[in-house]
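Hi there,

Here is the structure I promised to pass on to you. Have a look at it first, and then read on for what I found.

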Amino acid sequence: MTQAETSFDWIVLGAGPGGYVCALRGAQLGKRVALVEKRPTLGGTCLNVGCIPSKALLHSTEVLTAARDHGSHHGIGGTIEVQLDQLMQHKDEVVAKLVGGVRQLVDGRGITVFTGEGALAGDGEVLVRGEEGEVRLRADAVILATGSRSVELPFLPFDGETILSSDEAIALEAIPEKMVVIGAGAIGLEMGSVWQRLGAEVDVVEFLPRIAAGFDPEISKVAERIFKKQGLRFHKSTKVTGASHGKEGRVVLTAEGPKGEDLSFEADKVLVSVGRAPVSDGLGLEEVGVELDEKKRVKTDGHFRTSVAGVYAIGDLIAGPMLAHKAEEEGVALAEQLAGQAGHVNYFAIPNVIYTDPEIAAVGYGAEAAKEAGHEIRTGRFPIAANGRALATDATEGLVLVHADASTDRLLGVEIVSRNASEMIASAVAHIEYGGSAEDLARTVHAHPTLSEAVKEAALAVDGRALHSL
């Protein structure tokens with residue numbers, strides 16, 4: 001390749017949501033961009049083996065439960081059978097369509113894609129090793145966006161057959177009789193729900209004293225009650241300590257219960273979902289002097305700059321929540337900053353969502369965090385059961401909490417357990433973004449009948465003015 005073919009304004013390592021969006025924004029701003037990705041398809045973990053395929057499986061199993069568990073109530077009967085191969089095929093088709101769409105966007109913007117492992121080589125150079133050999137690229141700015149991977153337990157390494165990461169849990173060829181999920185965060189609850197709906201007995205083992213620990217205790221308690229009714233079994237304040245081979249190819253997990261008692265769990269499949277770690281190895285970071293923190297995340301300043309001039313980092317590779325939409329916003333902000341504009345990310349207004357049914361969503365402070373930050377708060381509550389659309393659509397489980405500053409009424413946070421909570425939270429994000437008040441949210445017109453009216457009612461309840469609950 002000629003020098004012109006290997007010289008760029010920017011090189012982006014990693015084509016996940018942060019990387020490819022950064023590249024797209026850079027191309028919009030007139031930059032010549034190279035995108036380096038080790039997978040043969042673009043989209044990173046999110047599109048290929050994470051966010052998108054898991055949501056396809058969640059939707060398919062929600063269709064199943066709607067027909068199987070609620071159909072008779074609506075006069076819909078008949079035998080319901082699961083064709084797992086077709087269900088998985090649908091998931092794969094969704095993924096293929098989306099990753100293909102990303103490739104079209106990238107190609108359409110004139111971005112050059114290099115397939116292979118990329119590593120910093122110093123002085124603005126990146127060495128890409130692929131199936132066709134090595135190529136050395138050069139740019140004024142190198143952007144690290146290599147994402148994260150599932151964390152293994154030291155005594156329970158992934159084998160892809162019995163001990164699974166989320167990558168394998170989205171692609172099982174048969175429904176397990178018994179599954180143990182280690183970790184009751186987003187991935188554990190979502191994938192545990194998928195396989196429980198399909199017929200597996202699912203035990204969720206959580207080291208912390210509550211599930212969905214990133215949310216307030218009130219939200220976690222409500223969600224746990226609902227998920228228990230659906231069939232998930234929870235074992236909180238329980239630490240998995242070891243594993244051994246059981247009968248018929250099963251694995252037996254040993255654990256320590258909340259009172260120090262010995263427990264054991266037998267399973268066909270074990271999903272380990274105890275968190276994710278940044279993919280910072282193999283990038284040549286130490287060799288060129290890029291500093292890492294104690295969690296092996298790349299250290300950056302407030303403008304995504306690393307300790308090496310001309311090298312930047314975004315997404316799961318740096319501090320902050322490991323969320324695709326966080327990575328996207330950072331990609332856009334960095335691209336605009338590098339182009340001389342005022343790119344910015346408001347981290348307080350980044351929503352967090354668990355895509356179960358009902359979904360769990362929050363933005364801003366929860367009640368505990370608001371008080372720890374020194375705020376005196378007023379909280380409005382509204383039960384989803386009092387919402388007309390919820391009654392009409394078998395979606396009456398959950399509630400909405402709206403937290404506002406007691407003296408200024410400024411909106412500090414919104415937390416939702418409800419079907420479509422991931423969509424409902426958007427109006428709260430908008431109000432928090434512009435510094436709105438609970439009064440502003442309460443006076444925003446929400447269409448009737450919609451589940452989102454519960455957000456308006458909870459905002460009214462901050463001032464004791466909810467109309468459709470006592």
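Let me start with a term you will need: a helix crossing is called left-handed if the near helix is turned anticlockwise from the far one by less than a right angle, and right-handed if clockwise. Please also keep in mind that this is a predicted model.

Now to the two helices. Helix α4 covers residues 51-70 and helix α7 covers residues 186-197; their axes come within 9 Å and cross at roughly 40 degrees. That angle makes α4 oblique to α7. By the definition above, the crossing of α4 and α7 is left-handed.

Which residues make the contact? From α4 they are Ser54, Lys55, Leu57, Leu58, Thr61, Glu62, Leu64, Thr65 and Arg68, and from α7 they are Glu190, Met191, Val194 and Arg197. Sorted by type, the residues where α4 meets α7 comprise 5 nonpolar, 3 polar and 5 charged.

My other find is Thr450, which sits in the loop between α14 (438-442) and α15 (453-462). Is Thr450 buried or exposed? Its relative accessibility is 18%, and buried means under 20%, so Thr450 counts as buried.

Thr450 also has polar partners close by in the sequence. A polar atom of its side chain lies 2.5 Å from the backbone oxygen of Ala447, and the side chains of Thr450 and Ser452 are joined by a polar contact of 2.9 Å. Leaving out residues up to four places away in sequence, Thr450 touches Asn387 and Arg389.

Enjoy exploring!

Best wishes

Notes
Residues numbered from 1 in each chain as written. Predicted model: local features only at pLDDT ≥ 70, side-chain atom pairs only at ≥ 80, totals over all residues. Heavy atoms only, no water. Helix = DSSP H or I, 4+ residues; strand = E, 2+ residues; numbered from the N terminus. Buried < 20%, exposed > 50% of the residue type's maximum accessible area, 1.4 Å probe, protein only. Polar contact = N/O pair within 3.5 Å; in protein donor to acceptor, adjacent residues only side chain to side chain. Contact = heavy atoms within 4.5 Å. Axes fitted to C-alpha atoms, helices over the stretch in contact; angles between N-to-C directions. Parallel < 35°, antiparallel > 145°, perpendicular 65-115°, else oblique. Nonpolar A, V, L, I, M, F, W, Y, C, P; charged D, E, K, R; others polar.
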